[in-house]
Amino acid sequence: MVDFTLSEEQQLIRDTAREFADKELAPNAGRWDKELHFPREAIEKAAELGFMGVTIPEEYGGSQLGNVTLCMLLEEINRGCASTGVTVSVHNSLFCSPIVKHGTEDQKKRYLPKMATGEWLGGYCLSEAGAGSDAAGLRCAARKDGDDWILEGTKLWITTGSEADVFIIFVRTGEDRVGGISAFIVEKTMKGFGVGKKEEKLGIRASPTTEILLDNVRVPAANMLGAEGGGFKLALDTLDGGRLGIASQSLGIGRACLEASIQYANEREQFGRPIGRFQAIQWKIADMATHLDAARFLTWRAADLRDRKLPCTMEAAQAKLMASLTANNAAREAVQIHGGAGYTREFPVERYMRDARITEIYEGATDIQRLVIARNLLG
Ligand code: COS
């Protein structure tokens, strides 16, 4: 059965998120971007609205609304501020979801209630200097010492790195390329844990991206997430969900571009009429809206499969591929429609264009999404 009707609960969440984005995010996002200000106050408000526990079961303080609802919520938040959007996305899809799916009862009890209220923020550490697209090439390692593991190495490109309280960290616990990787839950207060260099970025500048330094961090064996050696599959399974978050971020940025373009096209006059009366502008706007709808259906299809616990690796890759390309195209066209004004910081489309660029890079570059899709088709 295909049903495109949103439930009353979903409509309510979407409308609440839209209002939150309009009131709290959109008016401030330009300043946060300029000042590199992490919007903690906005994240706290998002938490009060229940946005930080969307994938968490009610018994641990969350709302357990699932991936389709999370996608709707993330689209609205990213429409207002992509830096806030990626923080909420990583927290929900890359930290909370794998704890719900693979965590022990003790791990769930310790972490999920704090994550649901936003008291703690979550992060995800997979990438390293030598392990980007080739994630299984990671070299950070853990050695066993009694009942503990000692983690050593440096992680790179960590979203919310300097602000998160607890991280899922993937390290090598054995020689085997894939079967030698395990996942650990590491708290920032653990001795030897450190935050390194903060990146100077083109976009999503209010979201801090840092190195994470592991200097012989002693982690109890009880903090291993999933089975020893099961870390790589856990990482990729988690990224299937994360990619839906980034697809939704792309949709949010794309919609912001569309809405700004419509407003400008109706206001700006040239040759004696609003530029929206010219077919060249009309076609750009028609294409933007159509491609965004197509990308949204791909995203919700994959999220629905994930909610029903069905495989969605290819569908999530298709959603992220399509949505990120769509956002970048929408941003390019939005700047073009605004002309010289769009190239200045007077109008937000300049920021949308910088923010959109990352959606084709993180949580698996466009080329990797194509590789995943092709492998599923060709074997
Ligand atoms: N979920 C669960 N398991 C998966 C999976 C998924 N989505 N995709 C693959 N696996 C399994 C495979 O089945 C394989 O297990 P078996 O050997 O038992 O069959 C294992 O994981 C290894 O898979 P594969 O051989 O395909 O690994 P590769 O090293 O070839 O890497 C890519 C696969 C390139 C797809 C992966 O490294 C990737 O997604 N890279 C991008 C990383 C990324 O997104 N980084 C962003 C970090 S967060 S900002």
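How many residues surround the ligand, and which are the closest? The shell holds 19 residues, and the closest are S133, R177, K233, R243 and R375. The structure described here is a predicted model.

## The shell around the ligand

Sorted by class, the shell around the ligand has seven nonpolar, five polar and seven charged residues. Two helices, α6 (231-267) and α10 (366-378), each contribute at least two residues to this shell. The biggest contribution comes from α6, which gives seven residues.

## Polar side-chain atoms at the ligand

## The largest pocket

The largest pocket found has a volume of about 1200 Å³. Its lining is made up of 44 residues, and those nearest the centre of the pocket are G132, I361, Y362, E363 and G364.

Which elements each supply at least two residues of this lining? They are α4, β3 (148-159), α6, α9 and α10. The element that gives the most is α6, with six residues. By class, the lining of the largest pocket comprises 23 nonpolar, ten polar and eleven charged residues.

## Cavities

Rolling a probe the size of a water molecule over the atoms shows where empty space is left. The largest cavity contains about 40 Å³ of space.

The residues lining the largest cavity are A29, W32, D33, C81, A82, S83, A206, R351 and D355. In this lining, five residues are nonpolar, one is polar and three are charged. The helices α1 (8-35), α4 (82-102) and α9 (349-358) each supply at least two of the lining residues. Of the elements, α1 gives the most to the lining of the largest cavity, with three residues.

Note on methods. Residues are numbered from 1 along each chain as its sequence is written. This is a predicted model: local features need pLDDT of at least 70, side-chain atom pairs count only at pLDDT 80 or more; totals for chains, interfaces and linings use all residues. Side-chain values use heavy atoms; hydrogens and water are left out. A residue is near a molecule or strand if one of its heavy atoms lies within 4 Å of it. Helices (H or I, at least four residues) and strands (E, at least two) are DSSP runs, numbered from the N terminus. Ala, Val, Leu, Ile, Met, Phe, Trp, Tyr, Cys and Pro count as nonpolar, Asp, Glu, Lys and Arg as charged, and the others, Gly among them, as polar. On a 1 Å grid over the protein atoms alone, a cavity is a set of points where a 1.4 Å probe fits but cannot get out, and a pocket is an open set with protein on both sides within 12 Å along at least five of seven lines; lining residues have an atom within 4 Å of a point. Grid points are joined across faces, edges and corners, and a volume is the space filled by probe spheres set on the points.
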